[in-house]
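Hi everyone, thanks for making time this morning.

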Amino acid sequence: MLLVLAAAPGVPAIAGDGHDHGAAQRSITMAPRTEARLGNQEVIVTYAGSKLVLFLQRYVDGTPTSGAELSVTADFMPSDLTEIAPGIYGSGELMLAGGRNDLEIAYTIGEESGTATLPLLLPGGAGGTAPAAAAAAPSGALPGFLLVLIAAGLFLGVNALLIRRVRVA
C-alpha cells in the first residue's frame, strides 16, 4: 500500500473558499550591477541614471549596515558615497563608459578598513550589443551586389586597357 502511495504523482493543494496562498512571488532585477563580499559584509553596486548606488548589508542575516564611510574611484575620478537610507549609499553624478569599468571601493566599516576592486559591465562597450540605429546602414548606402558589379566592371575595364596596350606595342 505504501509503495502505491509513494509511486503516485503528487496532487497540488487547492485553496478553499476565502483562503489563498498569498500573492505570487516577484523578483526585482537591477542591472547593470556587481556584487562582492567585504569581510562579514555583502556589497551590491548598481549604476542607474549616471549615479552609483551601493547596497551594504551583513552577509549572515542581510541587516543593512549604517554609518560606513565609503568612496569609489572610477576612471581615476574619486567620489564619496553618502548614506541615503539605512545601508544604501549613493554617489553624485558619475559618467561611466560602456564596457568594463573597474570600480575601486575604499571602505571603513566599524573597525575594518580596506579597498576592493569590482568590475562593472555596462552595455554598449566592446563585446556589448550595438544600438539598432548604429547597426543599420545609412539610407544613402549602395546595395552590396551593386558594389560587386562596379568592382568587376573596373577590373575588366583596366585589364582590357592593359591587353590593348600590350598588342599595340
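I'll walk you through a few strands and turns, then a couple of side chains. Please keep in mind that this is a predicted model.

Let's begin with strand S4, residues 69-74, and strand S5, residues 77-85. These two pair in the antiparallel sense, with five bridges between them. If you want a landmark for the pairing, find Ala 74: the residue opposite, in S5, is Met 77.

Now look at the turn that links them. The hairpin of S4 and S5 has two residues between the strands, and one of them, Asp 75, has a positive phi near 55 degrees. Phe 76 also sits in the loop between S4 and S5, and its phi is positive too, near 65 degrees, in a residue other than glycine. Why does that deserve a second look? Because most residues other than glycine have a negative phi.

And is Phe 76 buried or exposed? It counts as exposed, because its relative accessibility is 80% and the cut-off for exposed is over 50%.

Let's carry on along the chain. S5 also pairs with strand S6, residues 88-90; the two run antiparallel and are joined by three bridges.

You'll find it in the loop between strand S2, 41-48, and strand S3, 51-58. Ser 50 has a positive phi, near 60 degrees, and is likewise a residue other than glycine. With a relative accessible area of 15%, Ser 50 is buried, because buried means under 20%. So what does Ser 50 touch, once we leave aside neighbours within four places in sequence? The contacts are Gly 92, Glu 93, Leu 94 and Met 95.

Last stop: the aromatic rings. How many aromatic pairs turn up in a search of the whole structure? The search finds zero.

Definitions and conventions
Residues numbered from 1 in each chain as written. Predicted model: local features only at pLDDT ≥ 70, side-chain atom pairs only at ≥ 80, totals over all residues. Heavy atoms only, no water. Phe/Tyr/Trp six-rings, centres within 6.5 Å; stacked < 30°, edge-to-face > 60°. Pairing = 2+ DSSP bridges. Helix = DSSP H or I, 4+ residues; strand = E, 2+ residues; numbered from the N terminus. Buried < 20%, exposed > 50% of the residue type's maximum accessible area, 1.4 Å probe, protein only. Contact = heavy atoms within 4.5 Å.
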